Every structure is written in C-alpha cells, then in structure tokens.
Amino acid sequence: MSQHASARQHHKHALDVAHPPPRPGTPRAVLVPVAVVLLIGTVFVSVYLAAFHAPRPHELRVGTTEIGTHQASLRRDLARAVPDGFTLETYPDESAARRAVQDRSVYAAYLGKGDLLYGSANGAAVTATVTTVFGSVARAEHHRLSVEDVAPASAGDTRGLSVFYAAFGLVLAGYLFGMTTYQLAPRLQYRWRMASLALFGVAGGVLVAVIAGSTGFGALPGPFLPLALVVALMGAAVGGTTMVLLRLFGSAGVSLASILLLILGNSSSGGIMPAAYLPAWLRPLSEILPVGVGVRAMQGLSRFQDDGLTRALVILPLWVLGAAAVLYLKDVFRRETPSRVPDTAEPQPAAA
C-alpha cells in the first residue's frame with residue numbers, strides 16, 4: 001500500500017472517530033428536544049404577554065403638596081381613574097416634591113392648580129400614565145395641566161429603553177458564558193473557573209459602560225466606574241447562576257437558566273416599564289433577581305441620583321458569592337473529602 005493511500009485511510013479513520021455514523025432514532029431523541037424548546041417558548045410568550053399585553057399601574061408611587069380636602073379629592077380622582085393604581089405621598093413643599101421625583105421616591109408629583117412634576121427618564125409608559133391621569137385631575141379642578149420634566153431622559157435614550165437592551169445583551173452573554181465554560185473546559189480547576197468568571201464580569205462591565213455610557217451612545221450617562229461596577233456584578237451574577245444550575249441539574253440546568261434569567265429576569269427588570277406595571281406574581285422578582293436589581297441601579301446612576309445603587313451593591317455580590325460557594329462545594333470540597341471506610345469493613349490481607 002502506498003504512503004499516500006495509508007495517509008488517506010488514516011485521515012478517514014480520524015473523521016470516523018470524530019463524527020460517528022448516525023444511529024436509528026428513538027422516541028426520546030426525537031421528542032425531548034421538541035418538548036423542551038416548546039416549553040421554553042411557551043413560557044416566554046406567556047410571561048411577556050402577561051406582563052405587557054395590557055399594562056396598567058399597580059400602586060405607582062406619586063406625590064402631592066396638597067392637603068386637607070384638596071388631597072382627599074385628589075385621592076378620589078386617582079382611584080376613579082385607575083382603581084388601586086397609585087399610592088400617594090405627601091410633601092411639605094414644592095422643593096421636597098421635586099427632590100422626590102428626581103431620586104425616584106415617586107414617579108410624579110402634583111402641586112395643585114394643574115402643576116405637575118414628572119421625569120421622562122422613567123419611560124414613555126409612565127409619562128403617558130401620569131400626564132393623562134393628572135390631566136383629568138386638573139380639568140376637574142378647572143385648571144389646564146402644566147408639566148415640568150425634572151428628570152429628563154438622556155439625549156441618547158429618548159424612549160427610555162436603552163437600559164433594557166444593554167441589560168438584555170449582558171444577561172444573554174452571561175447565560176452563554178455559564179454554559180460555554182463547562183462545555184469547553186469541564187475539568188477546569190475551580191480557581192481558574194472563578195478567574196474566568198471575574199474576567200468576564202469586568203470585561204462585560206467595561207464594554208457596556210463604554211458602549212452605552214457617555215463615551216459611546218450616551219444612553220447611560222452615569223459616572224463610568226460605578227456604572228461599570230454594577231454591570232460587572234450583574235454579569236458575574238448571571239454567569240455564576242447559570243454555572244450553578246448547569247452544575248446541579250446537568251442539561252436541564254440550561255433550560256432552567258433560560259427561564260429564570262432570560263425570561264423571568266428580563267421581563268421583571270423594569271427596563272421596559274417599572275415593576276409597578278407588572279402582574280402581582282411577577283413584581284417581587286424585580287427586587288431580587290440580578291437583572292432587575294442591576295437595571296434599577298443603572299437607571300439610578302444615569303438619571304435618578306443613584307437610586308437603587310446601595311441595594312445593587314448588596315444583592316449582586318450575594319448572588320456572585322452564593323454561586324461561588326455552591327461551585328466550591330460541588331467542584332472542590334466533595335473532591336477533597338476522603339471516602340469514609342465503614343467500621344465493619346474486613347481487614348485486607350497484607351501484601352506479600
């Protein structure tokens with residue numbers, strides 16, 4: 001046999017090893033991928049339609065400087081316009097009400113006689129809600145509504161949606177990182193896997209802050225370092241959580257991570273509209289999942305006097321440290337724990 005023919009046979013053998021011949025199908029191999037993907041798709045459609053098919057406020061925080069009978073009349077008008085749609089806070093003067101809107105303690109403040117303070121940085125849905133409802137209030141008081149935007153949207157984010165897309169991109173990247181790290185390096189040492197997670201978080205934070213911040217599109221014009229830190233922690237929390245779910249549940253963890261982080265996390269994040277517009281069962285997730293916590297801090301750094309920053313700097317590291325602890329227990333602690341020899345084990349004969 002010639003050397004060339006021998007090389008061809010060797011090459012063919014290598015391909016056969018890398019790509020084994022197809023096998024006959026089984027019901028499980030045919031049905032399981034279809035069922036899993038349709039389940040995830042059904043959850044996605046159901047959650048997003050439940051959240052956004054007919055959004056209305058639920059206990060949206062608004063303020064007023066009116067007192068006495070004027071405030072009582074205002075409460076009745078708000079309840080008539082949207083039942084259970086608003087909670088009303090009282091402020092002593094216009095200055096206090098203005099600060100409350102600027103730090104997002106409330107989403108709007110009615111000063112009486114048709115004067116309304118609002119923040120367009122809250123997005124088009126909130127702006128439409130408060131101007132429509134308080135417009136009706138002003139007309140009932142025989143005034144024309146006069147509005148002042150005290151927390152304007154940035155020039156690079158006129159619709160208030162850029163934070164959602166920036167966060168969604170990072171969450172998707174974190175989800176893919178969590179899967180890829182175990183697929184490409186299933187036996188990577190724990191310390192190097194954590195180093196990879198940290199590198200992903202830092203790089204993702206810097207990139208998003210550069211692209212979306214003042215140096216890029218100007219959609220998130222907050223201070224660079226705090227913004228990059230929040231985004232880095234959010235990315236690491238998502239990546240670490242995906243790694244944990246994959247490590248605990250195997251291939252099923254991929255589906256669980258997509259539902260928890262991509263679907264529930266993004267839909268409840270407040271990036272499209274505030275959590276007050278979400279159904280009651282979805283609303284609490286915005287306060288605990290990494291996406292909602294991170295998005296609120298990103299918005300606060302950019303337009304609302306650091307609203308949500310302290311919460312993010314507490315909750316996001318807990319997600320990261322929790323993921324690191326679980327992975328340590330799975331990948332290091334159990335491996336280092338010696339197997340316990342039963343007390344009843346018979347002694348082995350000595351070697352000759």
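Reply: Glu287 has a relative accessible area of 31% and is therefore partly exposed; buried means under 20% relative accessible area, exposed over 50%, and partly exposed in between, with a 1.4 Å probe and protein chains only. The model is a predicted one, in which local features need pLDDT of at least 70 and side-chain atom pairs count only at pLDDT 80 or more, while totals for chains, interfaces and linings use all residues. Residues are numbered from 1 along each chain as its sequence is written, and side-chain values use heavy atoms, with hydrogens and water left out.

The side chain of Glu287 meets that of Arg311 in a salt bridge, at 3.3 Å from N to O. This pair links distant parts of the chain, 24 residues apart: Glu287 lies in the loop between helix H9 (252-267) and helix H10 (290-303), and Arg311 lies in helix H11 (residues 309-336). Helices (H or I, at least four residues) and strands (E, at least two) are DSSP runs, numbered from the N terminus. A salt bridge is counted when a side-chain nitrogen of Lys or Arg is within 4 Å of a carboxyl oxygen of Asp or Glu. Arg311 is partly exposed, at 36% relative accessibility.

Another pair is Asp307 and Arg296, whose side chains meet in a salt bridge of 3.0 Å, N to O. These two also link distant parts of the chain, eleven residues apart, with Asp307 in the loop between H10 and H11 and Arg296 in helix H10. Asp307 counts as buried, at 11% relative accessibility, whereas Arg296 counts as partly exposed, at 30%. Salt bridges that share partners join Arg104, Glu287, Arg296, Asp307 and Arg311 into one network.

The structure holds eight salt bridges. One of them joins Glu94 to Arg98, with the closest N and O atoms 2.8 Å apart. Here both partners belong to helix H4 (residues 94-102), and because they are four residues apart, about one helical turn separates Glu94 from Arg98. An α-helix has 3.6 residues a turn, so residues three or four places apart point the same way. Glu94 is partly exposed at 40% relative accessibility, and Arg98 is partly exposed at 22%.
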